Amino acid sequence: MTGAAGGLGLAYSRLLAERGTHVVMHDVGAGTNGRGTDPLRIQHSADALRARGLSVQAVSDPIDHRAGCHALVQDLLQQHGHIDFLIHNAGWVEYQALEAIEDDAMERILCLAAKTPLWLAQAMWPAMRAAGGGRIVITTSDRALYPQYAQRGLSAYAMGKLAALGLVNVLALEGAGHGIVVNAVSPVAKTRMWGIDGEPDELHPEAVAHGVAFLASTRCQDGGWVLRASNGQFHALRLQEAEHVAYPRDLRAVSADSIESVALQWPAIARASVDVRS
């Protein structure tokens with residue numbers, strides 16, 4: 001469980017531990033800008049759960065590069081012999097105007113949102129495959145999925161969260177034959193990333209945790225979904241091709257043979273899509 005020192009990650013850890021799972025809680029203790037480290041932050045959170053009799057473990061090893069992710073996983077496998085699930089929750093929001101985005105900031109976002117879960121999954125994959133399965137949950141965001149929820153200054157953030165969704169799609173396919181079920185979660189809760197200290201007045205992390213715990217459990221048998229989770233409500237979605245499409249030669253779509261034809265038929269080409277809820 002990454003990003004487990006507070007907010008959503010702490011809520012996920014608490015619920016899973018209450019259900020009898022031993023939870024390895026990971027957090028480097030970065031600030032709200034994604035920089036710095038403070039291993040005491042995750043230690044204090046884990047201590048509070050252990051004081052309630054829950055089985056948790058605190059780790060704070062760096063996971064911003066492939067070697068670190070693999071080393072962490074190998075250490076946990078040596079300690080416990082198996083890893084049943086990965087929930088990648090670590091993240092932060094950094095607003096930057098388009099003209100101000102530089103390579104180092106872009107790299108930090110892409111690393112945490114997409115590269116880190118890739119390296120962690122890569123390291124866990126052989127053990128999960130040998131064990132006959134596992135569960136992987138990677139965090140995306142409505143800010144990237146829906147144009148109406150996009151926000152100015154979140155170009156890098158949205159890119160990282162959509163990259164995470166692409167990763168989920170491929171891992172779900174590759175894991176299907178090995179019992180490895182991979183999904184995404186798009187959660188909404190008032191946490192430190194909202195500038196909230198302490199208990200929020202609404203949109204509680206605990207109201208999201210039940211859906212994420214389901215995705216991490218053996219009860220979840222379907223991969224390649226995005227679970228939108230907010231305020232105790234859940235909605236699963238994924239992009240699905242229309243029936244009878246023979247990709248890529250026949251999209252069963254509007255035909256056009258010129259710029260003018262595309263322009264003339266644009267209302268039909270850009271017709272509103274149907275939101276099919278499951």
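This report describes a residue in a strand, a helix and a cavity in a predicted model.

## Gln57 in strand β2

Gln57 belongs to strand β2, which covers residues 56–59. Is Gln57 buried or exposed? Its relative accessibility is 15%, and buried means under 20%, so Gln57 counts as buried.

Leaving aside residues up to four places away in sequence, Gln57 touches His22, Val23, Val24, Met25, Arg50, Leu76, Gln79 and His80. With one of these, Gln79, the side chain of Gln57 makes a polar contact of 2.9 Å.

## Helix α7 and what covers it

Helix α7 runs over residues 206–215, and its buried residues are Val208, Ala209, Gly211, Val212, Ala213 and Leu215. An α-helix has 3.6 residues a turn, so residues three or four places apart point the same way.

## The cavity

How many cavities of 30 Å³ or more does a search of the whole structure find? The search finds 1. The largest cavity has a volume of about 50 Å³.

The lining of the largest cavity consists of Glu94, Gln96, Ile101, Ala105, Ile109, Gly153, Leu154, Ser155, Ala156 and Tyr157. By class, 6 of the lining residues are nonpolar, 3 are polar and 1 is charged. Helices α4 (103–131) and α6 (155–175) each supply at least two lining residues. The largest share, 3 residues, comes from α6.

Definitions and conventions
Residues are numbered from 1 along each chain as its sequence is written. This is a predicted model: local features need pLDDT of at least 70, side-chain atom pairs count only at pLDDT 80 or more; totals for chains, interfaces and linings use all residues. Side-chain values use heavy atoms; hydrogens and water are left out. Helices (H or I, at least four residues) and strands (E, at least two) are DSSP runs, numbered from the N terminus. Buried means under 20% relative accessible area, exposed over 50%, partly exposed in between (1.4 Å probe, protein chains only). A polar contact is a pair of N or O atoms within 3.5 Å; within protein, one must be able to donate a hydrogen and the other to accept it, and residues adjacent in sequence count only if both atoms are side-chain atoms. Contact means heavy atoms within 4.5 Å. On a 1 Å grid over the protein atoms alone, a cavity is a set of points where a 1.4 Å probe fits but cannot get out, and a pocket is an open set with protein on both sides within 12 Å along at least five of seven lines; lining residues have an atom within 4 Å of a point. Grid points are joined across faces, edges and corners, and a volume is the space filled by probe spheres set on the points. Ala, Val, Leu, Ile, Met, Phe, Trp, Tyr, Cys and Pro count as nonpolar, Asp, Glu, Lys and Arg as charged, and the others, Gly among them, as polar.
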